[in-house]
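Dear colleague,

Please find below the structure that I am handing over to you, followed by an account of what was found in it. I would be grateful if you read the account with the structure open beside it.

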Amino acid sequence: MTAGMKGPAGSKATRDGFGEALLQLGRENKDIVVLSGDLEDSTRAEYFKKEFPERFFNLGIAEQDIAGTAAGLSKVGLVPFICSFAAFWANAFGVFRVSVCYNNCNVKIVGTHSGISVGPDGATAQALEDIAAMTALPNMSVVCPADAAEAEKATRAIAAIDGPIYLRLGREAVPSVTDKEKPFIFGKACVLKDGAGAAIIACGHMVSESLKAAEKLSKEGIEARVINMHTIKPIDREEVVKAAKEAGAIVTAEEHQVNGGLGSAVAGVLACECPVPLEMVAVRDAFGESGEGEELLKKYNLKEDDIIKAVKRAVSRKNGGG
Amino acid sequence: MPDIKDLKEKARKLRIDILETIAGAGSGHPGGSLSCVEILVGLYYYKLRHKPCDPAWDGRDRFIMSKGHASAALYSILASCGYFPKEELKNYRKLGSMLQGHAYSGVPGVEFSTGSLGEGLSVANGMALGAKIKKKDFKVYCLLGDGEMQEGQVWEAAMTAAQHKLDNLCAIVDHNGVQQNGPVARIKNEDPLAVRLRDFGWNALDINGHDPEDVIKALDLFGQAAGKPTAIVAHTIKGKGVSFMEGDPKWHGKAPDKEELSKALEEIKREKI
């Protein structure tokens, strides 16, 4: 595997924020146990492993077994975090469905290396459908933090909630975009920039792209609100409706398939409660390919310029254009 | 050693309850429910430490029915132990009933919901590993069907149990040799199962799964192999006790009609113990 994208100074990957929080949690709560699919170095579960080897288990390359074992551990009162690449959790979908979700087990599923920007390993390692799969499961919640600091807070927050939760993380360093002082509130979106010309609702790594896009738009006279939808399920319906009412045009941005992701979740809220023009920035029903993260984001139309174009289309539709 | 005749009598009663429960619902899985009767009797009336009046008792042994389609057998034995009134069996598989079509944890005494085959052993492993982490002395038992041994996850779990020395775990395979569409050996042969499990690092033995004495002896051997999980390969007959059901894949997932039920019950009642 080659090195990922280098972010600007001070940038850090969400997986790092997770790894640090998990270690802290291990110190505070003796019931936290960690299962790994032989990727603890990559997922950063390694930090926990080094300090708590007796509560860390590498169950090998066996995602289904890991998911089921975690379900059993949770029924004995432990709080298992299971860690692998987001793409590989697809192998365990059936186990998440019955063992974890139907039994409402307190299992925290951590999927790192999500999205297309993970790069050179190509399509098999790029999880672009995990939000769709996970949000479809009853009892499952889905959280996708925007930066390392938020990942740290999100990890702590989900450990305190009883029930299955999927934590979607990235590999690449991303700029710090969230307010360090502000607490992470599960299920409550964060408005990172105000504006009523349009609203961009983004998750994960696309939040920083959205902020860059909003800055450029501002120079062109369009004040776009930027909302960090870190909890995709349950989605913050109130914030979506508020944005629709006040801005009248919405753009969603995610490193995920256009089907079943953040865009679909937002569309569902809008269609039922406040229909306004909506544009989705996402991968258009395609597998990715090998390449550097930046190249792939460009090729699959997931860069700030793509968000800008989408905002302009949405605003034009709001104003009666095609 | 418990009274073997008494266990046989309990098995006979359980078969009657199973058939009436399935016939009452008009659907269910008689074949694999009847094959695991003596195993369940051995567990619930002899081996398991459990308190039917307090299903969540912390010190209880855990039992996972991985072959969740044999729910009629599980619900019937739980009712007979007093986990809930036997009357409830009449609501099996009916809308609004707690007795869901496959083993369901909303039922007192059912530890875990199952029904997608191949998942139970991992869950049992998790409980056994959890017991070790929490330094608790309860044991974990898991009943698997031979058909579900075809799921890759079972073998992932088999490796995990051996690797992590889960000697507080006992897997019992109801090896009745028949799955929904035909004989297991012809679809995906897994024999000799005990040998294969031994190769995976298990303490494994073969028994006659319809002989209560054999079942009891095997359950007593469990726990004597330090550092190894135990597997009991129980050789059984699908649809055991009902001549027209025995060994016939047709009865994997089909309820008897009125006439078939009375014929089946007659046979079971007539059998000499």
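A:Ala148 lies in helix α7 of chain A, residues 148-159; helices (H or I, at least four residues) and strands (E, at least two) are DSSP runs, numbered from the N terminus. Please note that this is a predicted model, in which local features need pLDDT of at least 70 and side-chain atom pairs count only at pLDDT 80 or more, while totals for chains, interfaces and linings use all residues. Residues are numbered from 1 along each chain as its sequence is written, chains are lettered from A and ligands numbered from 1 in the order in which they are written, and side-chain values use heavy atoms, with hydrogens and water left out.

A:Ala148 has a relative accessibility of 8% and therefore counts as buried (buried means under 20% relative accessible area, exposed over 50%, and partly exposed in between, with a 1.4 Å probe and protein chains only). Neighbours within four places in sequence aside, A:Ala148 is in contact with A:Lys12, A:Ala13, A:Thr14 and A:Gly17, where contact means heavy atoms within 4.5 Å. Between A:Ala148 and A:Val174 there are 26 residues in sequence and 7.7 Å in space, taken from C-alpha to C-alpha.

**Salt bridges within the chains**

Side chains of opposite charge can pair when their charged atoms come close. A salt bridge is a side-chain nitrogen of Lys or Arg within 4 Å of a carboxyl oxygen of Asp or Glu. The search of the whole structure finds 38 salt bridges over all chains.

One of them joins A:Lys216 and A:Glu304, whose closest N and O atoms are 3.2 Å apart. A:Lys216 lies in helix α8 (residues 206-219) of chain A and A:Glu304 in helix α12 (residues 304-318) of chain A, so this pair ties together parts that are 88 residues apart in sequence. A:Lys216 is partly exposed at 38% relative accessibility, whereas A:Glu304 is buried at 13%.

Another salt bridge is formed by A:Arg317 and A:Glu279, with 2.8 Å between the closest N and O atoms. Because A:Arg317 belongs to helix α12 of chain A and A:Glu279 to strand β14 (residues 278-283) of chain A, the pair ties together parts that are 38 residues apart in sequence. Here A:Arg317 is partly exposed, with a relative accessible area of 32%, and A:Glu279 is buried at 13%.

In chain B, B:Arg49 forms a salt bridge with B:Asp61, the closest N and O atoms lying 2.9 Å apart. Both B:Arg49 and B:Asp61 are in the loop between α3 (37-47) and β1 (62-65) of chain B, 12 residues apart. Is B:Asp61 buried or exposed? At 5% relative accessibility, B:Asp61 counts as buried, while B:Arg49, at 33%, counts as partly exposed.

Salt bridges that share partners also join A:Glu209, A:Lys212, A:Lys216, A:Glu294, A:Lys303, A:Glu304 and A:Asp305 into one network.

**The interior**

A nonpolar core is a set of buried Ala, Val, Leu, Ile, Met, Phe, Trp, Tyr and Cys residues joined through side-chain atoms within 4.5 Å. The largest such core has 86 residues, of which A:Ile82, A:Phe96, A:Ile250 and B:Trp202 touch the most other members. Helix α5(B) gives the most to this core, with seven residues. Beyond its neighbours within four places in sequence, A:Ile250 is in contact with residues including A:Ala199, A:Ile201, A:Val266, A:Leu270 and A:Glu279. Apart from this core lies another, of 57 residues, among them B:Ile16, B:Ile77, B:Cys81 and B:Leu143.

Helix α3(B) is largely enclosed by the rest of the structure, because eight of its 11 residues are buried. Among the buried residues of α3(B) are B:Val37, B:Glu38, B:Leu40 and B:Tyr44.

**Where the two chains meet**

The contact takes 25 residues from chain A and 23 residues from chain B. About 2000 Å² is buried between the two chains, and carbon and sulfur atoms give 62% of this area; buried area is the accessible area (1.4 Å probe) that two parts lose on being put together, summed over both. Across the interface of chain B and chain A the rule finds one salt bridge. In it, the side chains of B:Lys134 and A:Asp31 meet at 3.5 Å, N to O. On the side of chain B that touches chain A, α5 (120-133) and α6 (152-163) of chain B each supply at least two residues. The largest share of that side, nine residues, comes from α5(B).

Yours sincerely
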